[in-house]
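Me: I am new to this structure. Could you walk me through some of its packing and pairing?

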Amino acid sequence: MGRAVVVVAAVAAASACAAAAVLVGRRVRSRGKWERMLRVLKELEEGCDTPVWRLKQVVDAVAVEMHAGLASEGGSKIRMLLTFVDNLPSGKEKGTYYALDLGGTYFRVMQVQLGGHRSSILAHEVERYPIPEHLLISRSEGLFDFIASVFKQFVERNKNGSECSLDKRRDLGFTFSFPVKQTTVSSGILMKWTKGFAIEDMVGREVAECLQEALIKKGINIRVAALVNDTVGTLALGHYHDADTVAAVVFGTGTNACYLERTDAIIKCQGLLTTSGCMVVNMEWGNFWSSHLPRTMYDVELDADSPNPNYQGFEKMISGMYLGEIVRRIILRMSLESDFFGTICSKLSTPFILR
């Protein structure tokens, strides 16, 4: 009996969908929109066309920019920033660690217990919090006070006796997914905001120091031991699970990549010595641009209307922060007068985020 009900429900749902599709199709065709939609989709398909030969040209252009970025500061649209991370996790790490992640629509807090054997994560707790919009454009003190308050509440909820108490001095890793000029593995100066952040008094300041001050004000006995980009954190996790991992790519609110480079190939820092002979390089490839990239009219319009025209071009073409706006513009062009597509556009009035 139950199975029959499920079958009937499925048939009814399919029939309803089919009927809706027929009605929508008739409505679109009756208004002469169907041909217009096909034409727009055809234009979009041709604009996004990327045959293999074109992809190879993009690859070559990326390689040229990478070499230029390694050769000199400011010599490339791809910044190729030093991270001072010269050793990745071995898999033998033990104990309880904390991490904070700031770099997009949400702020994350994590507590993890490592067991000393590769891929041995005994326990972990992760909580995600939306960042209040006013903090994206206010002052740095407000943003870091918010971070410290959230972290304190997280620790108090997840503490396990003295092991995770606020009184015991512990180390903290801070993932900060914005262009930073690192001076050590635990310190760096913010070069520029991206992803909708625009806190003017923070540019040019030491990031970890701002967080450390906020933590001290909240009475949290913890040291910011590492300041890393989210790609570097992704690489560290990948290497923890598999020692052959040497690169990481992030596609989220924005996009970026990092990889393990030989120090003798980093010409702009001649004489740089590390125990491993290598260093992780934060590419900051969101600002990459090449005439070989398949740029459509929607990419051009979106860039022109953005707060930072001619900047972060690659990121605007492929990241989750902008895809929703591009889709909205495409749908509007397909059928500006249609109630059906108007409803879809209303759902996409705010750019969606891919996670």
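Me: At what angle do helix α7 and helix α9 pack, and how far apart are their axes?
Reply: This is a predicted model. Helix α7 covers residues 297-305, and helix α9 covers residues 320-334. They pack at an angle of about 120 degrees, with axes 10 Å apart.

Me: Is the crossing of α7 and α9 left-handed or right-handed, and which residues of α9 make the contact?
Reply: α7 passes α9 in a right-handed crossing. From α7 come Met297, Tyr298, Asp299, Glu301, Leu302 and Asp305. From α9 come Tyr322, Glu325, Ile326, Arg329, Ile330 and Arg333.

Me: How do the residues of the contact of α7 with α9 divide?
Reply: Asp299 of α7 and Arg329 of α9 are among the contact residues, and Asp and Arg count as charged. Over the contact, the division is six nonpolar, no polar and six charged.

Me: In which sense do strand β2 and strand β3 pair, and how many residues lie between them?
Reply: β2 spans residues 94-102 and β3 spans residues 106-115. They pair in the antiparallel sense over nine bridges. Thr96 stands opposite Gln113 in β3. The two strands form a hairpin, and between them lie three residues.

How values were computed:
Residues numbered from 1 in each chain as written. Predicted model: local features only at pLDDT ≥ 70, side-chain atom pairs only at ≥ 80, totals over all residues. Heavy atoms only, no water. Axes fitted to C-alpha atoms, helices over the stretch in contact; angles between N-to-C directions. Helix = DSSP H or I, 4+ residues; strand = E, 2+ residues; numbered from the N terminus. Left-handed = near helix turned anticlockwise from the far one by under 90°. Contact = heavy atoms within 4.5 Å. Pairing = 2+ DSSP bridges.
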